[in-house]
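I opened this notebook to record what I looked up in the structure. The entries run from the whole chain to a single residue and its surroundings.

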Amino acid sequence: MLSAAAAAAALLWVVDPHQAGNPLPPCPSRWLTSLLCPGCGSTRALHALLHGDLSGALAMNPLLVLSLPAVAVLALEWLRMLPTNFASLATRLGNARAWAVVLIAYGVLRNLPWPPFSWLAPGGFGA
């Protein structure tokens, strides 16, 4: 898992997903439906984070950026490296129903065409 993450980070360090003709695949949900899925803009957000551009990352996918600390806690729990005093936090963060509600709501809201919801679209706010 760590090797795959390192390889993905290395790829995103060199390949700019903003450039036309880059080798990264487009979002299949967007291509099929013309709607923004909860993950749309994630590649560009991660690219921006790797290059130290927090505001650019937030503009591409704010949910991804804001959820990275939770993902880190869950990854540490999965790797059995999380201190025991964080076990209850990991249990709450690992609630699949809560994540489903958040992802569905985010997917719906970011497709609404007026502010403040339009700011949730990739590049909708500040980029």
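**Entry 1: the model.** I noted that this is a predicted model, in which local features need pLDDT of at least 70, side-chain atom pairs count only at pLDDT 80 or more, and totals for chains, interfaces and linings use all residues. Residues are numbered from 1 along each chain as its sequence is written, and side-chain values use heavy atoms, with hydrogens and water left out.

**Entry 2: the whole chain.** I found seven helices and zero strands; helices (H or I, at least four residues) and strands (E, at least two) are DSSP runs, numbered from the N terminus. The C-alpha trace spans about 45 × 35 × 25 Å along its principal axes. I recorded an accessible surface of about 8,400 Å², with 71% of it belonging to carbon and sulfur atoms; the areas come from the Shrake-Rupley method with a 1.4 Å probe, and for residues only the protein chains shown count as cover. Contact means heavy atoms within 4.5 Å. Of the contacts with a separation of 6 or more, 48% are between residues 24 or more positions apart.

**Entry 3: helix H3.** I looked up which residues of H3 (residues 42-50) are buried, and they are Ser42, Ala45, His47 and Ala48. These buried residues pack against helix H1 (2-14), H4 and helix H5 (62-78). After H3 comes Gly52, with a positive phi near 75 degrees.

**Entry 4: Ala57.** I placed Ala57 in helix H4 (residues 54-60). Is Ala57 buried or exposed? Ala57 counts as buried because its relative accessibility is 0%. Leaving aside neighbours within four places in sequence, Ala57 is in contact with Ala45, Ala48, Leu49, Pro62 and Val65. Thr33 is 24 residues from Ala57 in sequence and 24 Å from it in space, C-alpha to C-alpha.

**Entry 5: the core.** The largest nonpolar core holds six residues: Ala45, Ala48, Ala57, Met60, Leu64 and Val65. H3, H4 and H5 are the elements that give two or more residues to this core. Such a core is a set of buried Ala, Val, Leu, Ile, Met, Phe, Trp, Tyr and Cys residues joined through side-chain atoms within 4.5 Å. Beyond four places in sequence, Ala45 is in contact with Ala57, Met60, Asn61, Leu64 and Val65.

Terms used
Buried < 20%, exposed > 50% of the residue type's maximum accessible area, 1.4 Å probe, protein only.
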